[in-house]
Amino acid sequence: LHRLIRRQRQMCIRDSIEGDYEPDVYYAAVKGFEKCPEGGNRCFICYRMRLEAAAELAARMGTFDYFTTTLSISPLKNSAMLNSIGYELGKKYGVPYLLSDFKKKEGYKRSIELSHEYNLYRQNYCGCVYSR
């Protein structure tokens, strides 16, 4: 976390917002999908949860032109599904979703290079217990 804050200051990023850690909410949402393969319906439920929290926050704060996600940098994430869910939620909350596929044009490769350059931690799974 300290490296992230230091990097944000170097990039003149004033602030970031970290979502709440609510494993019980996640487990309840994916109940019955525990055995789904990585990249399947369990992931789509997670995408919706994360994007809805971002869209709701953006709408509540009223200071954002767009919302988006960095999840599309991963070759294991379905950018079309992320964009579809984001677009739908943008309409629901009145904050446009910025369509993205950050892995394009060697974005994933560049993210690895930057992580090494700035000594940032990279985990080798998405973060949920089922993908670990």
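Student: Why is the contact between Arg-110 and Glu-113 called a salt bridge?
Tutor: In this predicted model, the closest N and O atoms of Arg-110 and Glu-113 are 3.3 Å apart. The cut-off is within 4 Å, so the contact counts as a salt bridge.

Student: Where do Arg-110 and Glu-113 lie?
Tutor: Both sit in helix H5, three residues apart, which is about one turn of the helix.

Student: What makes Arg-110 partly exposed?
Tutor: Arg-110 has a relative accessible area of 42%. Buried needs under 20% and exposed needs over 50%, so Arg-110 falls in between. Glu-113 has 37%, so Glu-113 is partly exposed by the same test.

Student: How do you know that Glu-56 and Arg-60 form a salt bridge?
Tutor: Their closest N and O atoms are 3.0 Å apart. That value is within 4 Å, so the pair qualifies. Glu-56 and Arg-60 both belong to helix H3 (residues 41-61), four residues apart, about one turn of the helix.

Student: Is Arg-60 buried, partly exposed or exposed, and why?
Tutor: Arg-60 has 57% relative accessibility, and the limit is over 50%, so Arg-60 counts as exposed.

Student: What makes Lys-103 and Asp-101 a salt bridge?
Tutor: Their side chains meet at 3.2 Å, N to O. With a limit of within 4 Å, the conclusion is a salt bridge. Lys-103, at 23%, is partly exposed, and Asp-101, at 25%, is partly exposed as well.

Student: How many salt bridges does the structure hold?
Tutor: The structure holds eight. There is also a network of salt bridges that links Glu-38, Arg-42 and Lys-77.

Student: Let's turn to the rings. How many aromatic pairs are there?
Tutor: The count comes to five aromatic pairs. One of them is formed by Tyr-26 and Tyr-130, with 6.4 Å centre to centre and 35 degrees between the planes.

Student: Why is the pair of Tyr-26 and Tyr-130 called tilted?
Tutor: The centres, at 6.4 Å, are within 6.5 Å, so the rings pair.

Student: Is Tyr-26 buried or exposed, and how do you know?
Tutor: Tyr-26 has 12% relative accessibility, which is under 20%, so Tyr-26 counts as buried. Tyr-130, at 30%, counts as partly exposed.

Student: Which pair do Tyr-27 and Tyr-130 form, and why?
Tutor: Their ring centres lie 6.3 Å apart, with 85 degrees between the planes. An angle over 60 counts as edge-to-face, so that is the name for this pair. Tyr-27 in helix H2 and Tyr-130 in the segment after H5 are 103 residues apart. Tyr-27 is partly exposed, with a relative accessible area of 36%.

Student: What links Tyr-26, Tyr-27 and Tyr-130 into a cluster?
Tutor: Ring pairs do.

Student: Which residues make the nonpolar surface patch of about 270 Å²?
Tutor: Ile-17, Met-61 and Phe-64 make this patch. Ile-17 lies in the loop between helix H1 (2-10) and H2.

Terms used: Residues numbered from 1 in each chain as written. Predicted model: local features only at pLDDT ≥ 70, side-chain atom pairs only at ≥ 80, totals over all residues. Heavy atoms only, no water. Phe/Tyr/Trp six-rings, centres within 6.5 Å; stacked < 30°, edge-to-face > 60°. Buried < 20%, exposed > 50% of the residue type's maximum accessible area, 1.4 Å probe, protein only. Helix = DSSP H or I, 4+ residues; strand = E, 2+ residues; numbered from the N terminus. Patch = residues over 30% accessible without salt bridge, like charges linked within 9 Å, V, L, I, M, F, W, Y side chains within 5 Å. Areas by Shrake-Rupley, 256 points an atom, 1.4 Å probe, with all protein chains shown as cover.
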